[in-house]
Amino acid sequence: MQRRQSSKHSKRPLQVHHSNQTDLSAWRKGGTVDTEKSAQNRQSLSDQKNDNEQDSLEQALSYFEKIQDRVSLKKSEVLQKHLSTMESIALKRGLPPEGFDVLLDVALSGKLADTVNTRLLKSLIPASAIPESSIVSSVSWFCVSKCSSNIQLLFLRWLITMFDFIDHKEQVHALYGIFFSFLNDEKLCPYICHGMQPHLQALLSLYKLFCPELVSITLPQKMKTYFKNADGPWKAAINAVRQRNQANSTVPQPLLLGTAQPHSRKRKWNTQLIVPASSANAQNLVVGGKMSRADSCSANESFPVEQLRTFPQLLQNIHRLEFPSQMGSVLTNPLLLHYMNCSKDESVYLRLYYWMGQTLQEECTWCVVDNNQYEEEFRGFLETVYKAECFLQEGFPSCEEFLYRSLPLWDGVSCRSQILQLVSWIPLSTFSEMKSQLCDPLAQLFFTSSLYFKCSVLESLKELLQNWLNWHVVQLDSESDSQFSSLNTTLSGLVNGVAELINFVGRISTAALHLEKSHTFLLYFILDFYETVCDIYLKYKLPLLIMPPAGVFYPALLSMDSVNLNQLCYIMYRYRTNLIAAKENEMSKKKIQQFKFSSQTYQEYNQYIIAMVGCLWTSSAFQKDNHPEGIRLDDELLKKTGVREYKNSFNIVYHPALMCYAVDFLQQVITKWCSDGKKWNWYLRYLYGQGLEGLKLFIESSINRVSKASQSKAEDEDEKV
């Protein structure tokens with residue numbers, strides 16, 4: 001209203017009559033009487049419309065301010081209405097300053113889904129100014145990470161765009177140190193730096209490495225490729241061509257392709273794995289005399305790391321230790337690894353990651369020309385790095401970067417065991433973002449390599465899954481129940497990442513079984529992976545269960561090896577136990593279930609159980625299997641096979657995997673007369689005694705044979721015979 005009044009006052013001088021505007025002034029004067037009422041009507045309608053919009057805006061802000069629990073956008077018409085109101089008013093005339101506190105708190109608190117939060121952030125268009133207090137409050141929400149990384153990224157983009165609209169900036173300037181603490185996040189880093197220049201970051205990193213006192217800002221812990229080595233694939237291709245031409249030609253090697261042999265360089269990285277004498281210790285050496293160890297420690301504040309021998313020494317001198325100048329030596333020293341795990345000095349990690357990243361890049365035998373002769377040394381170095389990761393129970397970011405750069409060029413042969421071991425320690429937080437750089441190269445090698453390589457990849461992915469799940473269990477133990485609600489976003493990301501990995505393994509396993517004709521050895525490693533998957537809910541406290549695909553289940557059910565069949569029985573038994581526990585927790589309603597298993601999971605499990613019971617027990621699998629990819633067949637087609645007792649072909653007596661047990665059992669009881677029921681009980685007890693524990697658990701849990709009273713009576717009669 002103030003703006004409209006001021007505009008009216010500014011137009012009053014135009015009503016003054018000038019000689020050169022006589023006609024125009026007369027026209028205006030004549031038309032004033034006729035248009036005055038219509039103008040007033042339009043003004044009143046405009047005021048009424050603005051008042052209605054203001055009321056709608058106040059209602060929407062009040063609604064978002066009172067939201068406490070998660071609300072579904074699809075199911076809540078009220079949320080849809082207020083969200084649309086907010087968007088339309090924001091795009092039309094902007095939002096008032098008092099609206100930013102409410103909307104930023106809602107968007108960054110994680111109370112609503114990312115879809116709603118994204119629309120809210122995109123509608124934060126100021127009509128005049130943005131209060132500094134709302135920015136400070138939103139940064140507080142930003143730091144606790146209750147919202148997803150995508151919302152954090154969108155908030156930073158919004159803050160950069162709207163920075164000039166903030167009414168005051170003194171408190172915002174004081175928050176820069178908080179923003180810099182997120183530089184280790186690859187997605188947020190470019191926006192926090194407002195356009196990061198890699199070459200400047202490289203220069204600062206070098207200063208931080210060698211002169212940390214000159215650089216006080218926090219730099220990313222993760223090693224980045226500051227100067228992209230675009231000629232890596234070319235060099236690898238040139239090296240391969242040179243090797244082929246050398247085998248078929250007598251021309252001297254340097255003349256091929258117009259390139260010369262590179263200068264040999266001294267390989268010093270392996271010597272850096274030994275703890276060097278510290279400078280502090282060197283200064284304690286007195287010419288012509290000796291100084292005791294106690295005097296050495298008392299004369300200087302730092303404790304020489306080469307004298308560190310025991311864990312009690314570490315505890316006593318943990319505040320007086322200095323890391324050695326050669327950070328690579330930390331990898332082979334368990335005590336220094338303990339110390340690094342407790343250290344909060346980010347420059348320590350930066351030094352180690354920088355050295356490790358450069359060493360991996362320079363010494364890689366398949367990414368750098370003429371490094372093949374050093375493969376044995378490089379294999380030993382990778383083994384050392386892997387052992388350090390196992391000791392710390394976490395992967396190094398520089399190893400992760402190295403894997404993503406080198407896997408597309410890897411032949412699957414060089415340092416195979418070591419590379420797959422490093423894959424098992426890839427951090428969870430980046431799998432969803434980097435899956436194309438991990439899954440695609442691995443899948444290409446997986447499908448075109450040997451059976452042994454396929455099994456090695458599956459073993460590595462199983463260990464990767466177990467490391468993620470163990471990390472989740474540790475996180476749960478370290479968080480109190482009151483803080484668990486703040487982990488919803490993190491838990492959702494974990495569930496999605498684990499599900500992506502399991503589905504990826506299911507796809508490549510199905511294809512591999514087709515390629516290898518359901519090889520027993522391959523099937524064992526696939527089922528070993530699903531032994532971890534089937535117990536995720538109870539053993540690792542993660543609300544997720546994914547059934548194996550039909551391309552894995554049915555080859556295992558019809559396998560000719562008893563080990564595979566026994567594995568499958570155990571897996572289905574554990575699936576049953578986990579699903580029952582999940583159902584009981586949902587029914588008890590003691591806790592609010594943030595995640596619930598879909599009905600499709602229960603349906604797929606029931607379909608598999610019907611198929612297994614039909615095969616192993618009721619001899620009706622071909623008639624009752626209702627899975628879309630199952631083994632149900634018409635009787636007429638089965639009769640054409642010429643098999644006389646085709647219905648019994650896969651029960652526990654005639655199943656190809658159990659046939660040898662049935663023959664051996666018949667040879668033992670052929671001299672004894674007993675009823676068919678007793679033979680059946682004896683046969684089951686015989687199978688259980690052969691170590692088929694999975695088969696026993698499955699039959700006892702999924703098949704109701706007789707009542708407990710009659711079953712115990714039958715067992716007593718069997719013992720008397």
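I began with Phe-525, which at 16% relative accessibility counts as buried. The model I am reading is a predicted one. Next I looked up Tyr-524, which is partly exposed because its relative accessible area is 36%. The ring centres of Tyr-524 and Phe-525 are 5.6 Å apart and the planes stand at 90 degrees, so I noted the pair as edge-to-face.

**Overall make-up**

I then stepped back to the whole chain. The protein chain has 34 helices and zero strands. Of its 721 residues, 44% count as buried. I also checked how far along the sequence the contacts reach. Among contacts with a separation of 6 or more, 69% are between residues 24 or more positions apart.

**Aromatic pairs and helix α7**

I found 19 aromatic pairs in the structure. One of them is Phe-155 with Trp-158, a stacked pair at 6.1 Å centre to centre, with 25 degrees between the planes. Both residues belong to helix α7, residues 149–161, and sit three residues apart, about one turn of the helix. An α-helix has 3.6 residues a turn, so residues three or four places apart point the same way. I recorded both Phe-155 and Trp-158 as buried. They also belong to one aromatic cluster with Phe-100 and Phe-142.

**Two lysines over rings**

I looked for charges placed over aromatic rings. The charged end of Lys-169 sits over the ring of Phe-163, 5.3 Å from the ring centre. Lys-454 lies over the face of Phe-446, and there the distance to the ring centre is 6.0 Å.

**The cores**

I turned to the nonpolar cores. The largest has 140 residues, and those with the most contacts inside it are Met-340, Phe-396, Val-498, Ile-502, Met-572 and Tyr-575. Helix α23, residues 488–515, gives the largest share of this core, twelve residues. Apart from this core lies another, of 44 residues, with Leu-79, Met-86, Val-106 and Ile-135 among them.

I followed Val-498 further. Leaving out residues up to four places away in sequence, Val-498 touches Leu-465, Trp-468, Leu-469, Ile-536, Leu-542 and Leu-544.

**A buried lysine**

Is Lys-462 buried or exposed? I found it buried, because its relative accessibility is 11% and the cut-off for buried is under 20%. Lys-462 lies in helix α22, residues 451–478. What does its side chain meet in a polar contact? The partner is the side chain of Asp-528, at 2.9 Å. Not counting residues up to four places away in sequence, Lys-462 touches Asp-528, Phe-529 and Thr-532.

I checked helix α17, residues 346–363. Its 18 residues reach 26 Å from first C-alpha to last, close to the 26 Å expected at 1.5 Å a residue. I counted α17 as largely enclosed by the rest of the structure, because 14 of its 18 residues are buried.

Helix α33, residues 693–702, is mostly covered, with seven of its ten residues buried. I wrote down the buried ones: Gly-694, Leu-695, Leu-697, Phe-698, Ile-699, Ser-701 and Ser-702.

Cys-415 is a residue other than glycine with a positive phi, near 50 degrees. I located Cys-415 in the loop between α19 (397–406) and α20 (416–423). Its relative accessibility is 0%, so Cys-415 counts as buried.

Lys-517 is not a glycine either, and has a positive phi of about 55 degrees. I placed Lys-517 in the loop between α23 and α24 (520–533). Lys-517 counts as exposed, because its relative accessibility is 75%.

Definitions and conventions: Residues numbered from 1 in each chain as written. Predicted model: local features only at pLDDT ≥ 70, side-chain atom pairs only at ≥ 80, totals over all residues. Heavy atoms only, no water. Helix = DSSP H or I, 4+ residues; strand = E, 2+ residues; numbered from the N terminus. Buried < 20%, exposed > 50% of the residue type's maximum accessible area, 1.4 Å probe, protein only. Polar contact = N/O pair within 3.5 Å; in protein donor to acceptor, adjacent residues only side chain to side chain. Contact = heavy atoms within 4.5 Å. Core = buried A, V, L, I, M, F, W, Y, C linked by side-chain atoms within 4.5 Å. Expected span 1.5 Å × (residues − 1). Phe/Tyr/Trp six-rings, centres within 6.5 Å; stacked < 30°, edge-to-face > 60°. Lys NZ or Arg CZ within 6 Å of the ring centre and 35° of its normal.
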